Amino acid sequence: MATSQTWLLRPFQERSTQVFLGVLFAALVVVTFLHLYMPEDSALHVSAYTVTLLGKYLCYALLAVAVDLVWGYLGILSLGHGAFFALGGYAMGMYLMRQIGDRGVYGDPVLPDFMVFLNWQELPWYWQGFDMAWFAFIMVLLAPGLLALVFGFLAFRSRVTGVYLSIITQALTFALMLAFFRNEMGFGGNNGLTDFKDILGFNLRSDATRLGLFLATGIALAVGYVVCRAIVTSKLGRVSVACRDAEARTRFLGYRVERVQLFVFVVSAMLAGVAGALYVPQVGIINPSEFSPLFSIEIVVWVALGGRATLYGAVIGALLVNYAKTVFTGIMPDAWLFALGALFVLVTVFLPKGIAGLLQKRRQKDDDQPGAQEATA
């Protein structure tokens, strides 16, 4: 029991974790205060739209942490984490669609509007149970986790690694995108799921609900970050790094590498599913475009920019890139992809360890100063 508590509490003893959680908590408090207590005509007022936008950024940050867990510490470059994100989003979207009831356009108390439009006569079996919140929340974790478990078991058991594994993960998300575009799949086709009304009885269009979702996303990011830090600072994390740096030698020492890879991969997929579930009620729609391979590649760019194998660097990269995307798409929407590609090239050439690596290098330089060494002595 003491060992378990030490394993769970170890991240809170790290300075980086303390700083990250402190900054995140301060940001949540400041945004809440400026939204609730500043007049709307004040320059410091944070509007409900901005709160929702910040909540979306935090969802992307949690997704980036999930990718950094497998890429930075396990050495698996996953180009298919957008699939796990989208599956969690669809699980939440199905719950939100069932909450509409007879308030839809066609007034059917059971069937969603798109099913009535397509002349469906009854609710498919895989939609059963999504009228209950607890079942939907379980499926948010189970759907991406089960897919990752099956895919990872087959891939890691076959010892598929490197670029081949990256291509397979990209093919997986592309296949799912094509499948979800089909109307007969029962997920809304290319229009996806939208026109949500409420969540857990709270109106999704109210400012209070938007603020609550923003705070819930911030808490989820904090919990996800601590869970990932607990993993990477444990013996499992050290074995994961060994698998990343010298897989053959780790196998020779007697470790079951495929089990380590599978466990970390499934945890990462579940975190991505939670990020997708929190993303959907804030954005108001989920469609097959979230399965796009381009989106999964963007996630890798976030992590590369922020810095691999740091976790907090992934958060920095996700926030910066998505803020830049918001600005760029408003000014020059056609030039965003070119700017993203140029950013990735520049970071790879000049900042191979990302922004987090630059910060660590500067901190190390400050520690090496003669004054700092004398103070330490």
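R229 counts as buried in this predicted model, at 11% relative accessibility. Here buried means under 20% relative accessible area, exposed means over 50%, and partly exposed lies in between, computed with a 1.4 Å probe on protein chains only. The model is predicted, with local features requiring pLDDT of at least 70 and side-chain atom pairs counted only at pLDDT 80 or more, while totals for chains, interfaces and linings use all residues. Residues are numbered from 1 along each chain as its sequence is written, and side-chain values use heavy atoms, with hydrogens and water left out.

R229 lies in helix 8, residues 207–232. Helices (H or I, at least four residues) and strands (E, at least two) are DSSP runs, numbered from the N terminus. Neighbours within four places in sequence set aside, R229 contacts P11, E14, T17, Y73, T310 and L311. Contact means heavy atoms within 4.5 Å.

Helix 2 covers residues 15–37, which is 23 residues. The expected span of a helix is 1.5 Å times one less than its number of residues.

Two packed helices are described by the angle between their axes and the distance between the axes. Helix 4 (residues 81–98) and helix 7 (residues 162–180) pack at about 35°, and their axes are 9 Å apart. Axes are lines fitted to C-alpha atoms, for helices over the stretch in contact, and angles run from 0 to 180 degrees between N-to-C directions. The crossing of helix 4 and helix 7 is left-handed. In a left-handed crossing the near helix is turned anticlockwise from the far one by less than a right angle; clockwise is right-handed. Helix 4 contributes G82, A83, L87 and Y90 to the contact, and helix 7 contributes T173, L176 and F180. By class, this contact has 5 nonpolar, 2 polar and no charged residues. Ala, Val, Leu, Ile, Met, Phe, Trp, Tyr, Cys and Pro count as nonpolar, Asp, Glu, Lys and Arg as charged, and the others, Gly among them, as polar.

Cysteine pairing was also examined. A disulfide is a covalent bond between the sulfur atoms of two cysteines. The criterion is a pair of cysteine sulfur atoms within 2.5 Å. The structure holds 0 disulfides. C59 is in no disulfide, and the nearest cysteine sulfur, that of C228, is 15 Å away. C59 is buried, at 0% relative accessibility. For C243, the closest cysteine sulfur is again in C228, at 17 Å, so the sulfur of C243 is too far for a bond. C243 is buried too, with a relative accessible area of 3%.

Backbone angles come next. Most residues other than glycine have a negative phi. N119 is not a glycine, yet its phi is positive, at about 65°. N119 sits in the loop between helix 5 (113–117) and helix 6 (133–157). N119 is exposed, at 59% relative accessible area. D195 likewise has a positive phi, near 60°. D195 is in the loop between strand 1 (193–194) and strand 2 (198–199). D195 is partly exposed, at 29%.

L142 is found in helix 6. L142 is partly exposed, with a relative accessible area of 43%. The C-alpha atoms of L142 and G273 are separated by 8.8 Å, although the two residues are 131 residues apart along the chain.
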